[in-house]
Amino acid sequence: MPQEFVDPETFLDRLKQCFESAATKGSVNLTHKRYTYGPSTNLDQDGDAPMEEEETERKEYDVLIRCTDGMEINFATRIPPSQLPHFHARYGTHLKASMAPTMRKRDKKKEKAKAELVARKRKELYEDVAPQGRRTEKGVGSEEGGKKKLGHRQRQRIQAAQSKKVAERERLEEKEAGMKNSTSSL
């Protein structure tokens with residue numbers, strides 16, 4: 001399976017054909033590498049060219065792009081640095097057009113329902129516990145709506161539930177603060 005070098009236009013045409021043939025069964029492997037200029041290049045023990053640049057030598061390298069299906073198709077192209085932005089724009093368009101039909105669509109209905117559930121639970125965390133499972137704005141043990149005063153056990157249960165909610169709130173706020181700090185440090 002010898003590798004065939006083609007010009008960038010032919011590469012894009014053959015890449016499109018390769019994606020079409022692999023649409024039903026198979027795979028396409030793409031490789032991007034810095035092109036090394038022959039055997040005289042200093043290679044390290046893995047066979048890769050060193051990436052360090054000397055201060056005196058500012059050399060721009062070509063990019064080598066390979067395409068293979070793992071069996072019989074194997075072709076590549078070299079792109080000079082001056083043509084790279086133009087090539088990448090067209091290459092990206094080909095990749096998006098080839099991969100879009102095979103990608104799985106997101107289930108937005110489930111995502112929305114999950115987000116609403118999380119928002120509802122978060123809202124409940126910031127509401128105080130009321131007797132008989134009712135929520136109230138006034139606070140713990142509010143006897144609004146009932147004539148009978150709360151018993152000792154019921155007051156204790158409400159206070160325990162309220163303290164549990166406060167602890168959960170604090171844990172959530174600490175977690176969010178930790179996430180903000182970790183993202184701001186990046």
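## The second largest pocket

The second largest pocket in this predicted model has a volume of about 260 Å³. It is lined by 15 residues, and those closest to its centre are Phe19, Glu20, Ala97, Ser98 and Met99. Two elements give two or more residues each to this lining: helix H1, residues 8-21, and helix H2, residues 84-99. The largest share comes from H2, with five residues.

Sorted by class, the lining of the second largest pocket consists of seven nonpolar, six polar and two charged residues.

## The chain as a whole

The chain contains four helices and six strands. Along the sequence, these elements come in the order β-α-β-β-β-α-α-β-β-α.

Of the 186 residues in the chain, 20% are buried. Among contacts with a separation of 6 or more, 58% are between residues 24 or more positions apart.

## Helix H1

H1 is made of 14 residues. From its first C-alpha to its last, H1 reaches 20 Å, which is close to the 20 Å expected at 1.5 Å a residue.

Which residues of H1 are buried? They are Phe11, Leu12, Leu15, Cys18 and Phe19. Viewed down the axis of H1, these buried residues fall within an arc of 120°, so they line one face of the helix. The face turned away from this buried side carries Gln17 and Glu20, which are exposed. Phe19, which is buried in H1, and Glu20, which is exposed, are both among the residues closest to the centre of the second largest pocket. The cover over the buried residues of H1 includes strand E2 (29-34), strand E3 (63-68), strand E4 (74-79) and H2.

## Helix H2

H2 has 16 residues, and its reach from first C-alpha to last is 22 Å, close to the 22 Å expected at 1.5 Å a residue.

The buried residues of H2 are Leu84, Phe87, Tyr91 and Leu95. Around the axis they cover an arc of only 65°, and therefore they sit on the same side of H2. On the face turned away from that buried side are the exposed residues Pro85, His86, Thr93, Lys96 and Ala97. Ala97 is also one of the residues closest to the centre of the second largest pocket. What do the buried residues of H2 pack against? Their partners are H1, E2, E3 and E4.

Arginine 169 is located in helix H4, which covers residues 152-184. Is arginine 169 buried or exposed? Its relative accessible area is 16%, under the 20% cut-off, so arginine 169 counts as buried. Apart from neighbours within four places in sequence, arginine 169 is in contact with Leu125, Tyr126, Glu127, Asp128 and Gln162.

Alanine 167 also lies in helix H4. With a relative accessible area of 42%, alanine 167 falls between the cut-offs of 20% and 50%, so it is partly exposed. Leucine 125, one of the residues in contact with arginine 169, is 42 residues away from alanine 167 in sequence. In space, alanine 167 and leucine 125 are 9.9 Å apart, C-alpha to C-alpha.

Definitions and conventions: Residues are numbered from 1 along each chain as its sequence is written. This is a predicted model: local features need pLDDT of at least 70, side-chain atom pairs count only at pLDDT 80 or more; totals for chains, interfaces and linings use all residues. Side-chain values use heavy atoms; hydrogens and water are left out. On a 1 Å grid over the protein atoms alone, a cavity is a set of points where a 1.4 Å probe fits but cannot get out, and a pocket is an open set with protein on both sides within 12 Å along at least five of seven lines; lining residues have an atom within 4 Å of a point. Grid points are joined across faces, edges and corners, and a volume is the space filled by probe spheres set on the points. Ala, Val, Leu, Ile, Met, Phe, Trp, Tyr, Cys and Pro count as nonpolar, Asp, Glu, Lys and Arg as charged, and the others, Gly among them, as polar. The expected span of a helix is 1.5 Å times one less than its number of residues. Buried means under 20% relative accessible area, exposed over 50%, partly exposed in between (1.4 Å probe, protein chains only). The arc is that of the directions from the helix axis to the C-beta atoms. Contact means heavy atoms within 4.5 Å.
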